Amino acid sequence: MPDPTEPSSEQFITLLNAAHGRLLGFLRVMLGNNADAEDVLQRASMTIWRKFGEYDASKDFFSWASSFAFYEAKNFQRVAARSRLHFDDELLQRLAEERVRDLDHREARLAAMDQCVEELQETDRELVREFYLNNTEVATLAGRLGRAPQTLYNKLNTLRRLLADCMKRRLAREA
Amino acid sequence: MNSESNPHELHRLFTAKADGTITPEEHERLNALLKDSAEARQQWFAFQDAEAALLAWSQREALRREAGVDLAGQGTSQPPISSPRSRGLNYFGALAAGFAIGLAAWAMWTAWPNRTKVSPSSSKVAARDEATTSSVAVLSRGVNMEWDRTAGAPAVNEPLPPGVLRLQSGVAEIEFFQGARLCVEGPAEIQLISSGEAFCRYGRFSAHVPPQARGFRLGTPKGEIVDLGTDFGLDLNDKSPELHVFKGEVELHQPQVQMRTLTTGTAASLEQPGSIQPMAANAAAFTFSHDLDARVSESRREAFARWTESSARWNDDPDLRLRLDFQDQEDARSLRNAASRGQDIAAGTIVGCNWTQGRWPGKRALQFHSVSDRVRLNLPGEYPQFTVAAWVQLHSLNARQNQSSICMSQGLEVGGVHWQVIHTGAICLGIVAEAHPSVTDDYISPVVFTPERFGQWVHLAAVFDTAGKEVRFYVNGELLSRHPLKRPVLPKPGMAELANWIPASDYRGPHAVRNFVGCIDDFSVCARALSDTEVRQLAQ
């Protein structure tokens, strides 16, 4: 019989995996992009593991873990951010607070977007796929497709806008 | 504050922020707009979820296309737990990388194509496309080789791409990928054309062409030789260049004359295209190819003797703390510390691993292959300055593994030293600068290990030079790159592992795989920043 007070690594991994998407979504709004969010989440996971002994299993894991993610994000901006441009502390605090509730909409948004992207023409879908898979390096992508980077970037952003509008419409219909 | 904005402007600012193209002015505007408007914040949240959805969709698409795996069932509401372009290299994320690919993700992970995108620090590293090589041959052996460096100076076991090589003296043996073996005596110039063809301008050559390599073509200024499965010699040094067939049959194609066929024991002068004057083949002119075995053995013995001598001198260096020369007994389970001033550093403990031959016969090495193979070390104390050096033979880099440890401190404690090969083939020296949460200062060299370097013995050194405020990387004794120190940190390697890494002795979860695949036959830790000259001596 395992000691119930002993933190179990399996329990930890199960909880962390279950909360992974939301934690990433939580960090994205503070940091602005996926790559930084992933970096920070990886670091935060280490802290969360260290503190896991203090976790009260009757409480929501995400709420508990997100506070570590929040401080990790602030720390990341302080010492390791690639860009000096980051949101100020007051805004970060507000984003973090509001995003916890907002995450209830996340699943619906993801589902809606999956349908929207399927509605695109094949060539546009191709462009979207290449862009997101290649870490948004438009210059490289443009070189490969033999197109001007700015033209390509404009095209992509038009698609992103169309997709965002489509997502919004779908969500409004469902609501 | 002007918080009026239209949806177009907001969306443009969102994408610029997400893509890292935002200007400081725009960023200030975005910060203000988000602060002032709950509606804008809500749109920002939706935008980020939209981006996450598009990324997840793109990954599933790529997987469907490349691996032919239908992931429809894993669909919409569950984006991949670990983004395949996660920048999970940094080992402050090492643990988490393990978590991220843990359990639920494993199923997907095994199916993901090698796409994991990793960009240490700010460098953007290309996605993991399939590795390619343009090599057509390999320099298999050599004795006293002196190359004209302007045309390249390959090392033994180095794959050779098409191009010209000029051997000033010595003997080189080139094995073409198609199977032909060509022994070259300097001075000679040879141009590799393909895995079955070369052009010899001058020099003496001796070829062995097995049946699989039938049709091997050797061009000369005086005509072309097509081999039909033989041993032959080609002497282009003499005033009258000659072709000698020791065994088998070759065709000699020369301009304006009929093709001639030479068979065992015959020879022909290339200067007299028309004449059919078979001569007795003279093997004596090509002894360089016959006594190569003996000369190679001799030269290896000499190199080993030189190493033994310089090794003893190096052990007496006053700042040397740890020296593993790997000359321990057959089936030893620990590695003796040979540094004379390293009394406080215990022998390394071998876990797993196989003993094998090192750089020369008589030189012993450990082979690291499985995820369990490692040598446990303890390096107590502080190292304000240090040099780490090793002779390594990397066999491969696992595409699903971000880092391969050369020597890494256990865990992520402040002062921890992490010397590793990252998946791109670059070398990274990281010093943990902050803990809980951990932040590591990474110094990353240009790419060292391309597939062409796998299997070759390479001398690596990294210098942490506090006085010079820089980190330096060396390959085979030559300075590769220098990097300004990011901040003063006091390195404390502590418990460490050669060729592997664990997060902590009591850690129980899954963790990222960091094992090195290859051999190591020499390893040193010196509490001094060695100079360029000192590193060069060490690599000789």
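1. Basis. This is a predicted model, in which local features need pLDDT of at least 70, side-chain atom pairs count only at pLDDT 80 or more, and totals for chains, interfaces and linings use all residues. Residues are numbered from 1 along each chain as its sequence is written, while chains are lettered from A and ligands numbered from 1 in the order in which they are written.

2. Chain A, elements. Chain A has 8 helices and 0 strands. Helices (H or I, at least four residues) and strands (E, at least two) are DSSP runs, numbered from the N terminus.

3. Chain A, burial and contacts. Of its 175 residues, 41% are buried. Buried means 20 or more other C-beta atoms within 10 Å of the residue's own; exposed means 12 or fewer; partly exposed lies in between; C-beta atoms are placed from the backbone. Of the contacts between residues at least 6 apart in sequence, 66% join residues at least 24 apart. A contact needs C-beta atoms, placed from the backbone, within 7 Å.

4. Helix 6 of chain A. Residues 122-133 form this helix of 12 residues. Its span from first C-alpha to last is 16 Å, close to the 16 Å expected at 1.5 Å a residue. The expected span is 1.5 Å times one less than the number of residues.

5. Faces of helix 6 of chain A. Val128(A), Arg129(A), Phe131(A) and Tyr132(A) are its buried residues.

6. Chain B. This chain holds 8 helices and 29 strands. Of its 540 residues, 45% are buried. Among its contacts with a separation of 6 or more, 56% are between residues 24 or more positions apart.

How values were computed
Two residues are in contact if their C-beta atoms, placed from the backbone, lie within 7 Å.
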